[in-house]
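Hi,

Here is the structure I promised to pass on. Have a look at it first, and then read my notes below.

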Amino acid sequence: MATKQQIWAAAKAAFPYSSPMISGFLFLGISYGVYMKALGFDVWYPFFAALFIYAGSVEFIVAASLVAPFAPLATLLVCIMVSGRQVFYGISMLEKYGAQNGKKRWYMIIGLVDEAFSLNYMAKIPPHLDKGWYYFWVTLFLQIYWVSGAVIGNLFGNILPFSLKGVEFAMTALFIIIFAENWMKEKSHESALIGLGVALFFLITVGKEHFLIPTLLTIWGVLTLRRPKLSSKLERIESTTNHVVGEQNDA
């Protein structure tokens, strides 16, 4: 059971780690709030949508469906297709978000958006911090950024002195940076190259609107089948690296 001091220590460490997401989340949230305002919805609609749906593009889909002819099944299917990738995020986070995190893991699971997955999966948490609370605070800070942006956009979006067109590229750029950092940290790039190759194949064959789900399924299948080989290769690389470092220290 974590103490209050440990909980706040995790919060203080998680905030600067999540803060690079502020600009992207705020701008996208503001654009969502402005969009809801343009559709005729008051501030409570984007606030509760950001609070309870909290699924980025799905919130835009739901907003459009609220002013369209009633078609709940079509809306449900579209939302499932758009958010289908979350299944793979959840599988990847089974160990990190396990029962050892207590009741707070349910919020961490619900809040597992793309950015929370990227940050928490890649996190190098100092040993003195409680990992569960660290994951929790990263997830909570990200949702606060999103909800705040949605509210600000709805309340003040019409008077902003600049255009929000194209701000969604901020999140794309951020994922490129995360990928580049991970690439530089990896001892073997085989998994990354498999992912890039599979994604490029399906992007060319099925198009950008439908490539995501088959890409994720294929990557998951390939990496699962190749896991023993990749693990053995990584162990050899680490063994060689440790041997070289040991010889240098002896010298």
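This is a predicted model: local features need pLDDT of at least 70, side-chain atom pairs count only at pLDDT 80 or more; totals for chains, interfaces and linings use all residues.

Let's start inside. The largest nonpolar core has 39 residues. Helices H1, H2, H3, H8 (114–122) and H9 each give two or more residues to this core, and H9 provides the largest share, with 12 residues. Which residues have the most contacts inside the core? They are Phe25, Tyr32, Trp133, Tyr134, Trp137, Leu142 and Trp146.

Leaving aside residues up to four places away in sequence, Trp133 touches Ala2, Ile7, Ala10 and Lys104. Trp133 also belongs to an aromatic cluster, together with Trp8, Phe15, Tyr107, Phe136, Trp137 and Phe141.

Next, helix H4, which covers residues 57–66. Its buried residues are Val58, Glu59 and Ala63. As for what they pack against, the buried residues of H4 meet helices H2 (22–38), H3 (44–53), H5 (72–83) and H9 (131–156).

Now the rings. There are 20 aromatic pairs in the model. One of them is Tyr17 with Tyr134, a tilted pair with 5.9 Å centre to centre and 40° between the planes. This pair links distant parts of the chain, as Tyr17 is in helix H1 (residues 4–18) and Tyr134 is in helix H9, 117 residues apart. Are these two buried or exposed? Tyr17 is partly exposed, with a relative accessible area of 26%, while Tyr134 has 5% and counts as buried, because the cut-off for buried is under 20%.

Compare that with Phe201 and Phe202. Their ring centres are 5.1 Å apart and their planes are at 80°, so this pair is edge-to-face; the label applies to planes over 60 degrees apart. Phe201 is partly exposed at 48% relative accessibility, and Phe202 is buried at 14%.

One last thing to find: the charged end of Lys96 sits over the ring of Tyr121, 5.8 Å from the ring's centre.

Technical notes
Residues are numbered from 1 along each chain as its sequence is written. Side-chain values use heavy atoms; hydrogens and water are left out. Buried means under 20% relative accessible area, exposed over 50%, partly exposed in between (1.4 Å probe, protein chains only). Helices (H or I, at least four residues) and strands (E, at least two) are DSSP runs, numbered from the N terminus. Contact means heavy atoms within 4.5 Å. Rings of Phe, Tyr and Trp (its six-membered ring) pair if their centres lie within 6.5 Å; planes under 30 degrees apart count as stacked, over 60 as edge-to-face and the rest as tilted. A charge sits over a ring if NZ of Lys or CZ of Arg is within 6 Å of the ring centre and within 35 degrees of the ring normal. A nonpolar core is a set of buried Ala, Val, Leu, Ile, Met, Phe, Trp, Tyr and Cys residues joined through side-chain atoms within 4.5 Å.
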